[in-house]
Amino acid sequence: MWADIRSLIDIAIVSFIIYRILVLLVGTRAIQLIKGVMILTVLAGVASFLRFRLLSWFLGNALLALSFAVPIVFQPELRKMLEELGRSSLYKRQMSDDEAEIRVKQISDALRYLKANKIGALLVFQQEVGLGDYTKTAIPLNASITEELLISIFWINNPLHDGAVILDKYNLIAGGCYLPLADAPEISRWFGTRHRAALGITEVSDAMVFVVSEERGEVSLAVKGKLSKNLKDFQVEGILRHYFVGEKVVTGWKGRLHELKELFWAQRKEPSAGELVK
């Protein structure tokens with residue numbers, strides 16, 4: 001009986017490790033390599049089963065060569081993956097309330113300033129799905145999250161102000177990021193390029209995005225291809241707190257957008273504000 005339980009625990013641990021590695025690789029060019037290696041492995045197995053000795057020899061040597069080439073060619077991705085593992089809650093304590101409040105204040109104060117001065121901005125918060133395809137062509141920052149830096153990035157005439165900033169719970173990862181635009185025909189003409197970019201990235205990932213409109217001077221939230229307009233300051237702060245310390249946002253938005261909406265939207269006094277646009 002104990003042997004069966006131990007085997008199940010063993011399988012569960014290995015499955016979790018493989019899952020976490022794949023999650024960290026999604027959104028990077030390394031995931032394409034994984035697919036290629038899997039195809040070669042399957043072909044090698046079939047060749048061995050059919051006793052194709054020349055093909056088995058060739059595929060075996062190809063896989064052996066890849067085992068030496070991968071650490072060299074994909075050194076940046078591997079380093080980033082190990083850094084992300086080091087940041088994982090599995091190895092690192094959960095962010096304290098004080099640490100979260102500092103980040104919430106820095107970001108919410110920056111959004112409040114940008115909104116008041118009608119400075120357009122696009123802040124993409126990375127979650128489980130990696131956004132490596134969009135950061136590798138942008139300007140790497142790897143900087144601390146501060147109000148002053150966020151404001152300066154989107155300041156008019158700054159070379160990075162037209163692109164998006166991608167950040168996670170710990171750092172500003174990259175600036176000047178260009179995102180895919182949502183082009184669904186049902187999208188309202190109300191949306192500008194920033195809002196379409198916010199919707200576009202949330203259609204292909206689990207990221208959440210804050211958009212500051214320079215025309216209307218308001219903050220909107222994009223999640224899973226949907227946009228909530230004209231958020232109040234307390235709503236922005238509450239959503240940020242969920243991102244930094246709340247399990248609902250850290251583990252992804254799928255199936256939980258309604259809970260988040262109900263939590264904050266119920267406090268609104270204006271029934272027309274914060275309309276969910278499809």
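This is a predicted model: local features need pLDDT of at least 70, side-chain atom pairs count only at pLDDT 80 or more; totals for chains, interfaces and linings use all residues.
User: Which pLDDT limits apply, and how are residues numbered?

Analyst: Local features need pLDDT of at least 70 and side-chain atom pairs 80 or more, while totals for chains, interfaces and linings use all residues. Residues are numbered from 1 along each chain as its sequence is written, and side-chain values use heavy atoms, without hydrogens and water.

User: What span is expected for helix 9?

Analyst: Helices are DSSP runs of H or I with at least four residues, and strands are E runs of at least two, numbered from the N terminus. The expected span is 1.5 Å times one less than the number of residues. Helix 9 (residues 233-245) has 13 residues and reaches 18 Å from first to last C-alpha, close to the expected 18 Å.

User: Which residues of helix 9 are buried?

Analyst: Buried means under 20% relative accessible area, exposed over 50%, and partly exposed in between (1.4 Å probe, protein chains only). In helix 9 the buried residues include Val236, Ile239, Leu240 and Tyr243.

User: Which residues have the most contacts inside the largest nonpolar core?

Analyst: In soluble globular proteins, nonpolar side chains tend to be buried together. A nonpolar core joins buried Ala, Val, Leu, Ile, Met, Phe, Trp, Tyr and Cys residues through side-chain atoms within 4.5 Å. The largest here has 31 residues, with Ile107, Leu123, Phe125, Met208, Phe210 and Leu240 having the most contacts inside it. Helix 5 gives the most to this core, six residues. Another core, of 21 residues, lies apart from it and includes Phe191 and Leu199.

User: Is Val46 buried or partly exposed?

Analyst: Val46 is partly exposed, because its relative accessible area is 42%. Val46 sits in helix 2.
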